[in-house]
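Here are my notes for you, written as numbered points. Keep the structure open while you read and look up each spot as we get to it.

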Amino acid sequence: MQALATQSTDDTGLALRAVGVEKRYSGTYALKGVDVEAKTGTIHALVGENGAGKSTFLGIIAGRVVPTNGSVEIFGKPHVFGAPRQARRLGIATIYQELTIVPALSAQANVFLGQPLSQAGLLDERGMRRRFEELAAQMSVTIRPDAVAGRLSVADQQMLEIMRGVQSGARLILFDEPTTSLAPPEREALFRLMRKLRAEGATMMFVSHNLEEVLDISDVVTVFRDGQLSGSAPRADWTKPSLIRAMVGHDVVEYRRVERKAPARGAAPLLSAKAVSVPGAIEAVDLSVQPGEILGIGGLVGSGRTSLLRALAGLEPRSTGELAVNGEGVAWPLTPRAALRAGIVLVPEDRKAQGLVLGMSAMDNIAIARFSEVSRFGVISGRRVAESARRVAREFGFAENRIGATVRNLSGGNQQKVLLGKARFREPRILLVDEPTRGIDVGAKDEIMATLRRLADDGLGIIVVSSDLEEVVAASDRIIVMSEGRKVAEIDQSAAPAKVQDILNAAFKVMTHE
Amino acid sequence: MSKSQTVQPASVAGARKSFPARDAFLQFGVLWAFVIVLIGAAIVYPRVFEPTNLKNILSQAAPVGIVSVGMTFVMIGGGFDLSVGSIFALGAVVFAHLADPLGLWGAAGAVLIACVICGVINGLIVTKLHVNPFVATLGTGSVFGGYAFIYSHSAPQVPNDFNFQYIGTENWFGWPISIYLLIVIFLIGAFALARSVYGRSIYAIGGNTEAARLSGIPVDLLRGSTYVMTAICAGIGGIILSSRLGVGQADMGGTTSLDSIAIVVIGGTSLLGGEGAMWRTAVGLLIIGTLTNVFDALAVNNNYQLVAKGVIVIGAVALDIYARRMRT
Amino acid sequence: MSKSQTVQPASVAGARKSFPARDAFLQFGVLWAFVIVLIGAAIVYPRVFEPTNLKNILSQAAPVGIVSVGMTFVMIGGGFDLSVGSIFALGAVVFAHLADPLGLWGAAGAVLIACVICGVINGLIVTKLHVNPFVATLGTGSVFGGYAFIYSHSAPQVPNDFNFQYIGTENWFGWPISIYLLIVIFLIGAFALARSVYGRSIYAIGGNTEAARLSGIPVDLLRGSTYVMTAICAGIGGIILSSRLGVGQADMGGTTSLDSIAIVVIGGTSLLGGEGAMWRTAVGLLIIGTLTNVFDALAVNNNYQLVAKGVIVIGAVALDIYARRMRT
Amino acid sequence: DDACKPHKIELGNGQSMMGGCGQLHIALLMAATNNTHLQSAIKGAKAAAAKIGATIDVFDPNWSPSVQYNQAQNVISSGKYNAIVGEMNDGNQACKILTETAPEHGVLVAIANEPICNRAANEGDALWAPGTLNFVGGSQGRGPFRDWIMDIAKENPGPQKVAVVTGPDLNANTINTDLALKDAKAKYPDFDVVAVVRTDYSIVQGNSKTLPLFQAHPDLTILISNYSDMTRGAVAAAREAGALNNGKLKIYDSGGNIWAFHAVQTGQIESTRTLLPYTEMYESVIQLGDAWAGKPVPHTTPLDVHDITKANVDQFKAQY
Ligand SMILES: Nc1ncnc2c1ncn2[C@@H]1O[C@H](COP(=O)(O)OP(=O)(O)OP(=O)(O)O)[C@@H](O)[C@H]1O
Ligand SMILES: Nc1ncnc2c1ncn2[C@@H]1O[C@H](COP(=O)(O)OP(=O)(O)OP(=O)(O)O)[C@@H](O)[C@H]1O
Ligand SMILES: [Mg+2]
Ligand SMILES: [Mg+2]
């Protein structure tokens, strides 16, 4: 923000002008003749279904992607494509959808990646620390500057990425789904910051699948569909339904809570875990899930939700606890295989690092989960892989004809669908889903939640962690609220639906007591 | 919301699979590099394609080629094995040393046991002690290599049993047995890698270890097994070489480790794991085999040979990579 | 929800620092491994700490040690250089060959130019042709090595100029000049790596190339520069060795490449890039240097030496890794 | 014996050192230890050391000249040794440390097998380097190699197609073989050398480098190999290529190990030249003992070389 927007913009007042932008990947169009203009000092939102081309568009501006055709002007100057360094010089900073954290470096080094404060080539660590702390305060996060970035939670990494974009002093900042794993307080802090930057004259492009958010913060909303422009208008001209219609071509009802009968009490719980602890993350958490029940876990970033799921899935070797499945005691799982044997399957929050083999096709990724189903005598049948993959793809709204695509080349939301399909294919008894709709568009989101509901109705026990608290409320029968690694409340929704505020209250109460 | 699945990006889907011929062409960049090498070879050394010479190329390539099959598994699984040269040598001396007392099959069995032990040691150090494969196998290579010398008292092991040379020198239908062995092991390897659960799991482990572990793949076991497999391949390679030369010596490992890694990488299999194929290793082997054969046949000065080989190998790999990048 | 901003979640990330003393202890696992090696050395060979012996250890370690400084940069940047041995040899023959016509400084300048050319070639092949560093430098190593023989007509280069041996054999204040050089280059390297923008960028490139590129770091340029740096270090190593021995020969590279990579990795720098430190390389160098010295001093049979060294090196690395894993 | 007074040991060119008191502690700097030739040499050295009552430790640099240099440095500065017997990988690199540093530190140096200080191509007394006690060997010197190859050329008049297998570049044997070939070609123009192949002396490379050669030159009449291990590999290659005992190809070997004797007997090779590693080292150590006891020793001790053919193979015994 140092020299922010002191430069006068050109006469048109346009920060960005894209004309006829087109991107083709070996014959497939990710973008087809897109024209977008962004006025200086505005927040310009891009929305659209998964795979609509939003990230590709931002990628072109950011210098990551070279378009096949078209021209782009940045502050009136022609853009140089495929050179992120050049884009930075033009005053463009980008927060990417897929995290670009350097895991081995410290939080501070990550924030100043590529633009360290320095004197005569030597790092100014003290200056950077001061600046880091300033930024962290502004964004209401407490991340230690010397924490190893790779060990931070996804939400914290997301914050680092945002801090990096913000501190760069750029005049045009591109946010690609920055809020996916943030809790309400962080989101609010981010939006505060964005408004402040706008007031200082910065231009921002903002991609999100959360349409409330979009309508809340942006000045102009542009809708992409199948790589083409479906509509672009000032915020005032849009309503949520009209946005959805522009995106998917029909109406979608969001967050409808399906009324259902409370699961039979008294029966042995499908899963019961007692005194679950992970040193340094969670302490003595008890929980149980009935067959057919969806248990939601609410809480703020860093409250230990992910660690809880990881512990149950056998991914925390130092965790302790007691586990019973179907009323029978089971040895506490210390490896994923042990958890899988007990029928517990986890959908991890970080799909890139823990979920998917990026270099493999979507169908092979799905097949990995249960080779026994697609092979005979150890020999894989390609036909059965494709059939099985098609079946689960359908359930999560993943285009069947793309099961052969390499996962790396899929859009973020579609990767998430593959990830869910993979867990589903394992035929779990207990499904743990961490941020299941991360990066999923409104249309598919509901479909995914409906699929989870259907799976529960078939007798599965499901635990859902999501930073989208409305989603938690809508999906679950019962909600556990976590704060600082402990369970602080349990809300039964069978009587009356909870409100998001209930969860937040429960989460904060403890802290204000301290 | 079941409707949304009908709203498919039809245009996008329809436009897919566009230039299959061009794509296939580019996919096989290393094959074209090989063809260029062959043409060059035929020009400077016209006898290169005579059957006797082909037999030479293949039978000379057999020992290191067999090792490369195992190495392909190790490397696709994200590993690395610098100890194969030593295991190779150990196999050669054990085989030659025990051929008289135990007979051919007994000696081969002993080599097998020795190699499995070496492979298990490598696998355990890599997966259980989490020592990175480079140091781990550099270290065990030093240990196994030293032991091969100690075992053989640094002396050549020459059995009296004439049968000893059977595998290495006899022919079936006019072609050396070692060539059949090479081809059979390559085919088994290719099939296991491409079509079996085992092979697919190795790809997954190399591509994303964490994801593989989360999916319930026994990562340590399978990754460890690739080292055992490579060790066994190295033992077979050692058996063939010692049988061919009629003697087993502890210095027979030579540059086998680096050579086999190079062959795998020249074929286009990634050093980072998760990508590659057995046919690529076969092409890598043939490129190296042909180059060596032609240069040796023409008795090109060794130093010029070094320069030329380096340039050609880099050129071949660069061509392959260029083609694959073109494909995007 | 605007209320929430007044209450800050004390995040777990902040609570994670726990046992700083224990952590520090564990952080330096390889150092403890080194201490154990030293104690063992002092027991079996009490003269190991005598100044003359320390001088021997250090001056013998100087050439490969200097190469390891450059190699640390290459490897933290996610690379690999198998051609340093050849560049080392090339440096030695060029220096010895030109010492008479050009004088000491002229010859050193010529070596510098030659090494920069070699490094630039490596860097271009790796960054522009996208050939993976293993094949790329195996190939260029073959080329440079062959060229060193061709350049020197496969003959030892022995200058008449007596000054030639100055760097390698003279002392300052009773300690060989090569030791000063080693220490100075290590210090510069450590400082640049830990404290400069350049060093930080190398970490970023090795840790996540794509992230580095997207954040505007000139990835190709910097990654390429690490190869140039290593080549220069190799040249200096070659100069020192040829000056020490009074002759430059094209076979002087020997196992320098693998040795220096091993030293870096034994110290605990990751082969995958993005992690490591210069002090680690120094410790790796001292472990190897001490082991070699002690074994040689005791005239341990080479084969037993190989076995023992392999076991000790794996043990040291395993200890380091175990300690670091304990730290979580 | 406290009463001992050191005496002067002449090292030529005005150099000398004092020595002769106490037991001899010998450091045996071998080129490597991993073949039978070298092992036979070590046996000879140990037998002689036992005879003169000296201790002896073996140093193995595994063919690396610079490692061997480091070993020499460690040996001299350790103070544990008062004598070195050197069979050096590279006589040039080791020159200064053995001719200057060692005597300065009271370490007496005997050289065997390969001369040091760029003297490998010399003949007679010039094989010995001043600063060292002596040189024992020379069966692989320039003269003997020339005699060997000239004899082969003379034995095979008329047009010949010749291939030669040597060790690595920079090795003294390689250099001397190359020089001998040049001399032979000058004198016998029909002696057409079509290929010279470098190896690392191993059986493996002896085989792999020659097999394509036999294929490319089916009309080869002579193969010369200057070490028996390589010859062994080449014989296997010739057999594979169908060139062995085809009535055209003759194989000449230098090395004279047990296998080579056997190969001569069975007619696989024409002849082998004996090397005497045991004698070479035995003699070196004995001479060290003599010098230490104050007796004069010759600067250069040449070794007998015999050509072993089918005719005389029964009269000799292989030394290793
Ligand atoms: N490297 C690539 N190779 C092939 N196809 C690609 C590549 N990158 C993107 N695509 C395709 O381009 C299309 C647009 O992808 P993009 O990432 O821009 O979507 P998006 O709108 O950001 O979706 P999401 O909301 O899921 O993030 C998708 O169909 C995707 O599969
Ligand atoms: N071994 C591990 N590997 C990778 N990540 C880990 C590991 N252990 C813990 N983590 C990460 O550390 C974080 C610890 O945070 P914690 O579980 O306490 O908070 P959380 O409520 O899950 O936070 P968030 O809302 O960001 O998911 C987790 O998000 C998890 O991703
Ligand atoms: Mg996207
Ligand atoms: Mg989480």
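1. First, a reminder: what you are looking at is a predicted model. Please keep that in mind for every point here.

2. Start with the magnesium ion that is ligand 4. Which protein atoms hold on to it as donors? They are OG1 of T306(A) and an OE atom of E349(A), at 1.9 to 2.6 Å from the ion. Now find these two in the chain: T306(A) is in helix α9 (residues 305–312) of chain A, while E349(A) is in the loop between β18 (344–347) and α11 (351–355), so the pair ties together parts that are 43 residues apart in sequence.

3. Is E349(A) buried or exposed? Its relative accessibility is 11%, and because buried means under 20%, E349(A) counts as buried.

4. Next comes the other magnesium ion, ligand 3. Its protein donors are S55(A), through OG, and Q97(A), through OE1, lying 1.9 to 2.1 Å away. S55(A) belongs to helix α1 (residues 54–62) of chain A and Q97(A) to the loop between β6 (92–95) and α3 (107–111), so this pair links parts of chain A that are 42 residues apart in sequence. Both S55(A) and Q97(A) are buried.

5. Now go to ligand 2, which you will find between chains A and C. There are 17 residues around ligand 2, and the closest are G304(A), R305(A), T306(A), S307(A) and R310(A). Helix α9(A) gives the most to this shell, with four residues.

6. Two residues from point 2 turn up again here. A backbone N or O atom of T306(A) sits 2.5 Å from an oxygen atom of ligand 2, and a polar side-chain atom of E349(A) is 3.0 Å from an oxygen atom of the ligand. How much of ligand 2 does the protein bury? On its own the ligand exposes 600 Å², and the protein buries 83% of that.

7. Finally, compare chains B and C.

8. Why do we say the copies meet through the same surface? Because 100% of the interface residues of chain C are also interface residues in chain B.

How values were computed
Residues numbered from 1 in each chain as written. Chains lettered and ligands numbered in written order. Predicted model: local features only at pLDDT ≥ 70, side-chain atom pairs only at ≥ 80, totals over all residues. Heavy atoms only, no water. Donors = N, O, S within 2.8 Å, 3.2 Å for Na, K, Ca; no water. Buried < 20%, exposed > 50% of the residue type's maximum accessible area, 1.4 Å probe, protein only. Contact = heavy atoms within 4.5 Å. Near = heavy atom within 4 Å. Polar contact = N/O pair within 3.5 Å; in protein donor to acceptor, adjacent residues only side chain to side chain. Areas by Shrake-Rupley, 256 points an atom, 1.4 Å probe, with all protein chains shown as cover.
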